[in-house]
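Here are some notes to read alongside the model. Have it open as you go through the points.

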Amino acid sequence: MERAATGEESSGRPTADRVLVTGATGTVGEPLVRKLTDGDASVRLATRNPDDAREQFGEGVEYVEFDLGRPETWGSALADVDRLFLLYPPGSAVSDITEFADAADRVGVEHVAFLSILGAGKLPILPHRRIETHLAGTDLAHTFLRASWFAQNLSEIHRREIVDRNEIFVPAGDGVLSFTDARDVAAVAATVLTEPGHEDRAYDLTGPAALDFREVAEVFSDVLDRPIEYADPSRLTFARQMYRRGFSPGFVAFMIAEYSVVRLGRSGRTTDDVETLLGRPPRTVREFVADYADEFRA
């Protein structure tokens, strides 16, 4: 666990500050909003479609129209906000993120939790690291949540091949991943945004074990009670399939780069940060598949 120097901590009681959640309907944002609304925080959802978000979450939270690419929406989103959950949407410009962070700094936001990726601290070429560096140079207190590969990618991005062809279709070779559950990342984000003592720190968030995709396929087969294979396509075959499915060229390139890192064996590190922060072990891949089993049934 990487820890930088922190400022003076408060009494230890959870705060009731207003928290702005960007990406509120997404993989981490959705469980984060639900976790925050279970507590004392005042929650504001930043979304392109407030009406759709209201149907998803109901009443009890604020909704504000927000588009990172439209600075005219930033003012109403940031008004009277104390804490901010910030992520880097695929395909967005790093400058949009950093300029939005500067706007948050100017209007008095106190603390930002930034959803980064595992390894960002050692890879300055990554856009996430460039954003981290910028945030550290502002007056915002910051917490970097460096998460490993989400298990939910299997239910969101790769579900179709699992359901239709009984295969996990990723070009990861024999590489291993420390799969993390997005629900655990959301719980960590809620903790650092509502409790003192996490300012100016970085946490590496992983699952409890590193698995290769053949082992993951075995877990799927066991839990779903049908054979699931690991396809391990070439990167070119993978790209063609993802293009046919309608993913953007930029996102496909990002996935290929990500799986190339996995193939090189650089994504298997595990840490105890999730357990330290939540007081319980992180969810396993088996727990994830069991919880999402209905989504993987034909």
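**Notes on a strand and two loops**

1. D225 is exposed because its relative accessibility is 69%, where exposed means over 50%, buried under 20% and partly exposed in between (1.4 Å probe, protein chains only). You'll find D225 in the loop between α9 (213–224) and β12 (229–230); helices (H or I, at least four residues) and strands (E, at least two) are DSSP runs, numbered from the N terminus. Its phi is positive, near 60°, and D225 isn't a glycine.

2. Before going on, the ground rules: this is a predicted model, with local features needing pLDDT of at least 70, side-chain atom pairs counting only at pLDDT 80 or more, and totals for chains, interfaces and linings using all residues. Residues are numbered from 1 along each chain as its sequence is written, and side-chain values use heavy atoms, leaving out hydrogens and water.

3. D80 also has a positive phi near 60°. D80 sits in the loop between α3 (74–78) and β5 (83–87), and it counts as exposed because its relative accessibility is 62%. For context, most residues other than glycine have a negative phi.

4. Now β5 itself: 5 of its 5 residues are buried. R83, F85 and L87 point one way, L84 and L86 the other. In a regular strand, side chains alternate between the two faces of the sheet.

5. Which strands pair with β5? Strand β2 (residues 18–21) runs parallel to β5, joined by 3 bridges, with L20 partnering L84. Strand β6 (residues 111–117) is also parallel to β5, over 5 bridges, and F85 partners A113 there. Pairing here takes at least two DSSP bridges between two strands.
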